[in-house]
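Hello,

Here is the structure for you to look over. My notes on it follow below.

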Amino acid sequence: MVDIHFVRKSMIEEQEPPVATTGVAGWIRENLFSSPLNAVLSILSLAFIFYVLSALLPWIISPTWAATSLGECREILAGHEGACWGVIRERWLQLLFGFYPRELYWRVVLDFALLIVAVAPVLFTGLPRKMLVFSAIYPFLMPWLLWGGSVWNPIAAALGFVLGYYAHKLAKPTLGSLAAVILAFVIPIIWWAFLSGPVVDALASVLPLITLEGVESRNFGGFMLSITIGVVAIAISLPIGIVLALGRQSNLFIVRSLSVGFIEFIRGVPLITLLFVASTLLNIFMPPGTDFDIILRVIIMVTLFASAYMAEVVRGGLAALPKGQYEAADALGLDFWMAQRLIIMPQALKISIPGIVSTFIGVFKDTTLVSIIGLLDPIGLSTSIRADQAWNGVVWELYGFIALMFFIFCFSMSRYSMFLERKLQTGHR
């Protein structure tokens, strides 16, 4: 009788997967040569990349870092193609700091180092929440470090918000919510516009605690100016955009009309027009003798411009929420503001993350438009540098350096957006 087994008595030893399916070879086969068409396109793409790099790398790898003029670069290259990197070595500090006094560079470096500390607990939730106290202090510390003056200036600016808070808190039980909100806006404006200046002067004369050397706005320039305008506009435009988005959906006719009018007007006007208004026309509407700083005017206009676009991005997130979320908030007995804070707005902002970050990137890149109204951002400084006879004719090197710096900032914001999307699981499963 033949002994036939239908069940294996011993297991076959495990074998390594084929070499062509693992490691670098496996990745190349799967991503570049998975089909005949994919193989042809991969070969053509690699040939194009090789062609571009073979022409670009010799130009980039140029021994001209020690050159002090365009003529010296040409002598070093001896008729060969190559970049004149001497202009970057000689003028990179000017591209970063503009005409800010060299002995005060430490204030700018300290200011932006503190900026990283201030935004870290906002961007990354794993950090201690106590750091948010410094995040709240930093907006008042930043202009003091950059522009200088008495330490009473940032204290007076912060005091305006304190007055607005207590005005709202004390007026709400007796005058109602709407009147309390109006007072919370009006009282700080009155304080900042008419009272804070004399109070600061009096306190500085009696108690001159710390006074930093003043720096005029005309000395601001380079990436320092772009980052200053961009950071302030980004930080303020988001809350204003949220308020405008809620106002556009309000049942109150006046609130809705004002919100819609503001959003549509700002979105229908080019940013450069608003910048011209800020630089030339805004002072006409101010009281005689008012010294309204040009950078502050630009920041206000860029912030309003970004807020209008931010409002539409947030409104898109609100419109994407199902009606059941609003009904659930009503079922829990939450009032409007609690429902928005706890249920509606967190979900709307999570949906709107790609659009919000795209608006942030656009705002930061739009800061280069200030060169048209005479502010020396990196583009404006490149024109000034090329006006020097020693560097007259240098173009690609300056624009390449500026483009690289903007790419680093914008790419970092884009990667953070992707990190936040993965963390909050915004995608559908």
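First, a term: a polar contact is a pair of N or O atoms within 3.5 Å; within protein, one must be able to donate a hydrogen and the other to accept it, and residues adjacent in sequence count only if both atoms are side-chain atoms. This is a predicted model, where local features need pLDDT of at least 70, side-chain atom pairs count only at pLDDT 80 or more, and totals for chains, interfaces and linings use all residues. Residues are numbered from 1 along each chain as its sequence is written, and side-chain values use heavy atoms, without hydrogens and water.

S259 comes first. Its side chain has a polar atom 2.9 Å from the backbone oxygen of V255. S259 sits in helix 10, residues 253-267 (helices are DSSP runs of H or I, at least four residues, and strands of E, at least two, numbered from the N terminus). S259 counts as buried because its relative accessibility is 7% (buried is under 20% relative accessible area, exposed over 50%, partly exposed in between; 1.4 Å probe, protein chains only).

Now the rings. The structure holds 17 aromatic pairs (rings of Phe, Tyr and Trp, its six-membered ring, with centres within 6.5 Å; planes under 30 degrees apart are stacked, over 60 edge-to-face, the rest tilted). One of them is Y100 with F220, edge-to-face, at 5.6 Å centre to centre and 75 degrees between the planes. These two residues are 120 apart in the chain. Both Y100 and F220 are buried. Ring pairs also join F223, F364, F406 and F409 into a cluster.

Best wishes
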